[in-house]
Amino acid sequence: MGPAKNVFFTLVFTIYIASIIASAAIMLLIYLDNALHKPMYIFLFSLIVNGVIGSSAVWPRVMNILITDDNTAFCLGFLPVFLIILSYLKIISIILTMSADARRKTFATCSPHLIIFIITGETL
C-alpha cells in the first residue's frame, strides 16, 4: 500500500493547502475592505477561523499517519477542540450583541454553513 499512501498524501496535502489559501484570502478580503466590516461578515470571519482551526487540527495528523504509519493517539488533541469551543463562544457573544435585524441577516447568510458544520463536523 506504499504507492497508494503517497497518492493519498499528495491529495490530502493539496486539498489542505488549497483550503487554507482560500480561507486566508477570504479572511484578508473581509479584514481589508471596510465595506465588509458588518456583523454578518464578522460572523462569517469567525466561522472561517473556526474552520481553519479544525482543518489544522485534523489534516496534518492524517498526513503524519500516511507518511510514518504511526497510528498512536496525539495527546494534545484536546487543544484544537478547546479552541473551537472558544471560537463558538465568541461567535455567540457577537450574535448576542447584534440588533435584531442584524441577527436575522447574519443567520440568513451563515445558517446553512453552520448547519452543515454541526451535522458533519466539517467545514465547506
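Author: Ile-92 counts as partly exposed because its relative accessibility is 45%. Buried means under 20% relative accessible area, exposed over 50%, and partly exposed in between, with a 1.4 Å probe and protein chains only. This is a predicted model, where local features need pLDDT of at least 70 and side-chain atom pairs count only at pLDDT 80 or more, while totals for chains, interfaces and linings use all residues. Residues are numbered from 1 along each chain as its sequence is written, and side-chain values use heavy atoms, with hydrogens and water left out.

Reader: Where is Ile-92 placed?

Author: Ile-92 sits in helix α3, residues 78–96. Helices are DSSP runs of H or I with at least four residues, strands are E runs of at least two, and both are numbered from the N terminus.

Reader: Which residues make a nonpolar surface patch with Ile-92?

Author: Phe-82, Leu-83, Ile-85, Leu-86, Leu-89 and Leu-96 form the patch together with Ile-92, about 670 Å² of it. Patches take residues with over 30% relative accessible area and no salt bridge; nonpolar side chains (Val, Leu, Ile, Met, Phe, Trp, Tyr) are joined within 5 Å, like charges within 9 Å. The areas come from the Shrake-Rupley method with a 1.4 Å probe, and for residues only the protein chains shown count as cover.

Reader: And the inside. Which residues make up the largest nonpolar core?

Author: That core has 7 residues in all: Phe-43, Leu-47, Ile-84, Tyr-88, Ile-91, Ile-95 and Cys-110. Helices α2 (39–68) and α3 each supply at least two of its residues, and α3 gives the largest share, 4 residues. A nonpolar core here is a set of buried Ala, Val, Leu, Ile, Met, Phe, Trp, Tyr and Cys residues joined through side-chain atoms within 4.5 Å.

Reader: What does Ser-46 touch?

Author: Ser-46 touches Ile-91 and Ile-94, leaving aside residues up to four places away in sequence. Contact means heavy atoms within 4.5 Å. Ser-46 belongs to helix α2, and it counts as buried because its relative accessibility is 13%.

Reader: Step back a bit. How many helices and strands are there in the chain?

Author: There are 4 helices and 0 strands, so the pattern read along the sequence is α-α-α-α. The chain has 124 residues, of which 25% count as buried. It exposes about 8,300 Å², with carbon and sulfur atoms supplying 76% of that.

Reader: What share of the contacts with a separation of 6 or more comes from residues 24 or more positions apart?

Author: The share is 65%. A separate case of distance along the chain is Gly-2 and Ile-67: they are 65 residues apart, and their C-alpha atoms are separated by 9.3 Å. Gly-2 lies in helix α1, residues 2–32, and counts as partly exposed because its relative accessibility is 39%.

Reader: New topic, aromatics. How many aromatic pairs does the count come to?

Author: The count comes to 1 aromatic pair. Phe-9 and Phe-13 are stacked, at 6.0 Å centre to centre with 15 degrees between the planes. Rings of Phe, Tyr and Trp (its six-membered ring) pair if their centres lie within 6.5 Å; planes under 30 degrees apart are stacked, over 60 edge-to-face, and the rest tilted.

Reader: How many residues apart are Phe-9 and Phe-13 in helix α1?

Author: They are 4 residues apart in helix α1, so about one helical turn separates them. Phe-9 counts as partly exposed at 23% relative accessibility, and Phe-13 is also partly exposed, at 39%.

Reader: Why are Arg-104 and Asp-101 about one helical turn apart?

Author: Because they are 3 residues apart in helix α4, residues 100–120. Asp-101 and Lys-105 are 4 residues apart in helix α4, so they too are separated by about one helical turn.

Reader: Are those side chains buried or exposed?

Author: Arg-104 counts as exposed at 54% relative accessibility. Asp-101 is partly exposed at 37%, and Lys-105 is partly exposed at 46%.

Definitions and conventions:
A salt bridge is a side-chain nitrogen of Lys or Arg within 4 Å of a carboxyl oxygen of Asp or Glu.
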